[in-house]
Amino acid sequence: MTACGALLRASIDPVWGWLVVALGLRDDLSEHELYSFPLPDIEAGVKTGRFQSNEPAVAGDFIVGAAISGLRAVLTGKVVGPVTTYAETLATQILMSLGLDQSEASSIASHSRD
């Protein structure tokens, strides 16, 4: 599941969303599956030259942190406007942080909820 997909699911299943938030706030997060979930994609992107990251684990921390913050924003009603727009914007920013240009990141993000 993508960050965009997680935000959209949380908007229709808040219990699931709060469970993911709770898992993301655990002290032993680095031992949890949530933490390692983005690493294979980050490493593959770095290996092919699409992503830029000196330390994939740090990029993973950023992605998980951004996703948890996004989930909290959705679940607490702080998102102004459609959740789909917010989710796509968050996903675009995550991809841009990994080195993609805005056009490609936006294109990928808009398809990540399909």
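Contact here means that heavy atoms lie within 4.5 Å of each other. With that in mind, the buried residues of H1 pack against H2, H5, H6 and H7. Please remember as you read that this is a predicted model.

**The overall layout**

- The protein has 7 helices and 0 strands.
- Read from the N terminus, its elements follow the order α-α-α-α-α-α-α.
- Of its 114 residues, 39% count as buried.
- Among contacts with a separation of 6 or more, 58% are between residues 24 or more positions apart.

**The nonpolar core**

- In soluble globular proteins, nonpolar side chains tend to be buried together.
- Here, the largest nonpolar core has 30 residues, and Leu7, Ile68 and Leu71 have the most contacts inside it.
- At least two residues of this core come from each of the helices H1 (3–12), H2 (14–24), H4 (39–48), H5 (56–75), H6 (83–97) and H7 (102–111).
- The helix that gives the most to this core is H5, with 9 residues.
- Which residues does Leu7 touch, leaving aside its neighbours within four places in sequence? They are Ala67, Gly70, Leu71, Val74, Val83, Tyr86, Ala87 and Leu90.

- The buried residues of H1 are Cys4, Gly5, Ala6, Leu7, Leu8 and Ala10.
- Ala3 also lies in helix H1. Leaving aside neighbours within four places in sequence, Ala3 is in contact with Ala67 and Ile94.
- Ala3 and Gly70 are separated by 67 residues in sequence, yet their C-alpha atoms are 8.5 Å apart in space.
- H1 and H2 pack with their axes 5 Å apart, at an angle of about 130°. That angle makes H1 oblique to H2.
- Where these two helices meet, H1 brings Ala6, Arg9, Ala10 and Ile12, while H2 brings Pro14, Trp16 and Gly17.

- Two packed helices are described by the angle between their axes and the distance between the axes.
- The axes of H4 and H5 come within 9 Å and cross at roughly 130°. These two helices are therefore oblique to each other.
- H4 passes H5 in a right-handed crossing. Leu39, Ile42 and Glu43 of H4 make the contact with Pro56, Ala57, Ala59, Gly60 and Ile63 of H5.
- How do H5 and H6 lie, and at what angle do they cross? Their axes come within 11 Å and cross at roughly 165°. Because angles over 145 degrees count as roughly antiparallel, H5 is described as roughly antiparallel to H6.
- The crossing of H5 and H6 is right-handed as well. On the H5 side the contact is made by Phe62, Ile63, Ala66, Ala67, Ser69, Gly70, Ala73 and Val74, and on the H6 side by Val83, Tyr86, Leu90, Ile94 and Ser97.

**Salt bridges**

- How many salt bridges are there? The count comes to 2.
- One of them joins Glu104 and Arg50, with the closest N and O atoms 2.1 Å apart. Glu104 lies in helix H7 and Arg50 in the loop between H4 and H5, so the pair ties together parts that are 54 residues apart in sequence.
- Glu104 is partly exposed, with a relative accessible area of 29%, and Arg50 is partly exposed at 42% relative accessibility.
- Asp13 forms a salt bridge with Arg9, and the closest N and O atoms of this pair are 3.7 Å apart.
- Asp13 is partly exposed at a relative accessible area of 27%, and Arg9 counts as partly exposed at 34% relative accessibility.

**A residue to look up in H6**

- Thr92 sits in helix H6. Is Thr92 buried or exposed? Thr92 has 9% relative accessibility, so it counts as buried, the cut-off for buried being under 20%.
- Leaving aside neighbours within four places in sequence, Thr92 is in contact with Gln102, Ala105, Ser106 and Ala109.

Definitions and conventions
Residues are numbered from 1 along each chain as its sequence is written. This is a predicted model: local features need pLDDT of at least 70, side-chain atom pairs count only at pLDDT 80 or more; totals for chains, interfaces and linings use all residues. Side-chain values use heavy atoms; hydrogens and water are left out. A nonpolar core is a set of buried Ala, Val, Leu, Ile, Met, Phe, Trp, Tyr and Cys residues joined through side-chain atoms within 4.5 Å. Buried means under 20% relative accessible area, exposed over 50%, partly exposed in between (1.4 Å probe, protein chains only). Helices (H or I, at least four residues) and strands (E, at least two) are DSSP runs, numbered from the N terminus. A salt bridge is a side-chain nitrogen of Lys or Arg within 4 Å of a carboxyl oxygen of Asp or Glu. Axes are lines fitted to C-alpha atoms, for helices over the stretch in contact, and angles run from 0 to 180 degrees between N-to-C directions. Angles under 35 degrees count as roughly parallel, over 145 as roughly antiparallel, 65 to 115 as roughly perpendicular and the rest as oblique. A crossing is left-handed if the near helix is turned anticlockwise from the far one by less than a right angle, and right-handed if clockwise.
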